[in-house]
Amino acid sequence: MRDDLSAAEFEEGPEGFPDRLAISLVPQSAAAARDAVTALLTTQFCALAGPEMTADVVVADALLVTSELVTNAVVHGGGVTGFAAELHGDGLTITVSDASPDLPVDRAGAAGWVGGYGWTLVCRLATRVVVDAGPGGKSITALVAMA
């Protein structure tokens, strides 16, 4: 686990248990973002740790969405300018902000293009995806159901 996970915020729920955990940071890589989400899920979603947790399908989906959003921000969006992950009753909300106002493009299967499946995967695995673009960049928020 990385030191940048110290940005976690807890809100107390019934009987002193956190009912929401949010992490807000600016990861420099998809691996750092996955570490943050893994820490969040390890402490709040399930008691599984290690190989058992990463084998869980919903956890794998959440980590894949995290990786794809951060990688797309780095490769196509001029870098990550913000990152937040929040676990709540609806699932896991992941928000990644970058410096580009350009909307994501689905390039899956485009002739002459290698790769391009990240946005398609995000849209398929997430229950809801919202893109909020402005002149200074954009934020993409994805909700991944954790059930």
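Modeller: Because the model is predicted, local features need pLDDT of at least 70 and side-chain atom pairs count only at pLDDT 80 or more, while totals for chains, interfaces and linings use all residues. Residues are numbered from 1 along each chain as its sequence is written, and side-chain values use heavy atoms, with hydrogens and water left out.

Biologist: Why is Ser100 called buried?

Modeller: Buried means under 20% relative accessible area, exposed means over 50%, and partly exposed lies in between, with a 1.4 Å probe and protein chains only. Ser100 has a relative accessible area of 9%, so it counts as buried.

Biologist: Where does Ser100 sit, and which residues is it in contact with, leaving aside its neighbours within four places in sequence?

Modeller: Ser100 is in the loop between β4 (91–98) and α4 (118–125), where helices (H or I, at least four residues) and strands (E, at least two) are DSSP runs numbered from the N terminus. With contact taken as heavy atoms within 4.5 Å, and with those sequence neighbours left aside, Ser100 is in contact with His76, Gly77, Gly137 and Lys138.

Biologist: What makes the approach of the Ser100 side chain to the backbone nitrogen of Asp102 a polar contact?

Modeller: A polar contact is a pair of N or O atoms within 3.5 Å; within protein, one must be able to donate a hydrogen and the other to accept it, and residues adjacent in sequence count only if both atoms are side-chain atoms. The side chain of Ser100 reaches that nitrogen at 3.1 Å, so the distance is within the cut-off.

Biologist: What is found at the ends of α3?

Modeller: Asp56 caps the N-terminal end, with a side-chain oxygen 3.1 Å from the backbone nitrogen of Val58, and α3 is followed by Gly78, whose phi is positive, near 80°.

Biologist: What makes β3 and β4 a pair?

Modeller: Two strands pair if DSSP finds at least two bridges between them. β3 and β4 have eight bridges in the antiparallel sense, so they meet that condition. A hairpin joins them through two residues, and Ala85 stands opposite Ile94 in β4. β4 also pairs with β6 in the antiparallel sense, over seven bridges, and the bridge partner of Asp98 in β6 is Lys138.

Biologist: What makes a set of residues a nonpolar core, and how many residues has the largest?

Modeller: A nonpolar core is a set of buried Ala, Val, Leu, Ile, Met, Phe, Trp, Tyr and Cys residues joined through side-chain atoms within 4.5 Å. The largest has 30 residues, and those with the most contacts inside it are Leu69, Phe83, Leu92, Ile94, Val96 and Met146. α3 gives the most to this core, with eight residues.
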